[in-house]
Amino acid sequence: RLLAEDGSILVHLDHRVAHQVAVQLDEIFGPGDRDPGGGPGFRNEIVWSYGLGGSSPRYYPRKHDTILWYTRGTEWTFDPPRVPARSARMRGELKKQPDVWDVPSINNQAKERTGYPTQKPLALLEPLVRAHSRPGELVLDPFCGSGTTLVAAVRAGRRAVGVDRSEHALAVAADRLRAEGADISCPG
């Protein structure tokens, strides 16, 4: 009910639950582009490939997460990120970012690292915020953790609201937003 009629929701998941959540989101928002008739609902599955972390001798290394994109209505904002084309024919040109994004995880020495265990890289969140919202619009992260989505929104000229049940997470997010020069208020 809170999502604007032309709004999008992006849900970031790992391999353990992505398929189950996609079924639930199809029920809530509709099948969208999974249905030949189109309509509200599913638009894309973005695979975030990151490459860091351990590996098991029993299966392929799990080095990706899934971001499901759904829309509430049949109109939405989409200004896709552009990346260098790889083909010889398009050499030197930019093309739309495909649905597999190779964005490294944040390494231990990275300046943006906060120490928050589930922190995502700004290189992942900034293009998503810019692609799915316009300047001045509201970006909500109901599980904001270290506040990366909020920082990406502020940098892109969007308004941001973050929610988290962890007071530590909210303090980390608030510190990051203050460092960006954002005017913040923390109720409670």
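## Salt bridges

A salt bridge is a side-chain nitrogen of Lys or Arg within 4 Å of a carboxyl oxygen of Asp or Glu. By this rule the structure has nine salt bridges. Before we look at them, please note that this is a predicted model, in which local features need pLDDT of at least 70 and side-chain atom pairs count only at pLDDT 80 or more, while totals for chains, interfaces and linings use all residues. Residues are numbered from 1 along each chain as its sequence is written, and side-chain values use heavy atoms, with hydrogens and water left out.

## Two more pairs

Helices and strands get their names here from DSSP runs (H or I, at least four residues, for helices; E, at least two, for strands), numbered from the N terminus. Arg72 is partly exposed at 34% relative accessible area, whereas Glu5, at 52%, counts as exposed.

Arg178 and Asp175 also form a salt bridge, with their closest N and O atoms 3.3 Å apart. Both lie in helix α4, three residues apart, about one turn of the helix. An α-helix has 3.6 residues a turn, so residues three or four places apart point the same way. Arg178 is partly exposed, with 48% relative accessibility.

## The helix α3

Six of the eight residues of α3 are buried, so this helix is largely enclosed by the rest of the structure. The buried ones are Thr148, Thr149, Leu150, Val151, Ala152 and Ala153. They pack against α2, β7, β8 and α4, where contact means heavy atoms within 4.5 Å. After α3 comes Gly157, which has a positive phi, near 80 degrees.

## The pockets

A pocket is found on a 1 Å grid over the protein atoms alone: it is an open set of points where a 1.4 Å probe fits, with protein on both sides within 12 Å along at least five of seven lines, and its lining residues have an atom within 4 Å of a point. Points are joined across faces, edges and corners, and a volume is the space filled by probe spheres set on them. The largest pocket has a volume of about 1500 Å³. Of its 39 lining residues, Ile9, Leu10, Leu140, Asp141 and Pro142 are the closest to the centre. Elements that give two or more residues to this lining are β1 (8-13), α2 (122-132), β7 (138-141) and α3 (148-155). The largest share, five residues, comes from β1.

The second largest pocket holds about 410 Å³ of space. Its lining has 20 residues, with Gly162, Leu177, Ile184, Ser185 and Cys186 nearest the centre. Here the elements giving two or more residues are α3, β8 (159-162) and α4 (167-179).

Terms used
Buried means under 20% relative accessible area, exposed over 50%, partly exposed in between (1.4 Å probe, protein chains only).
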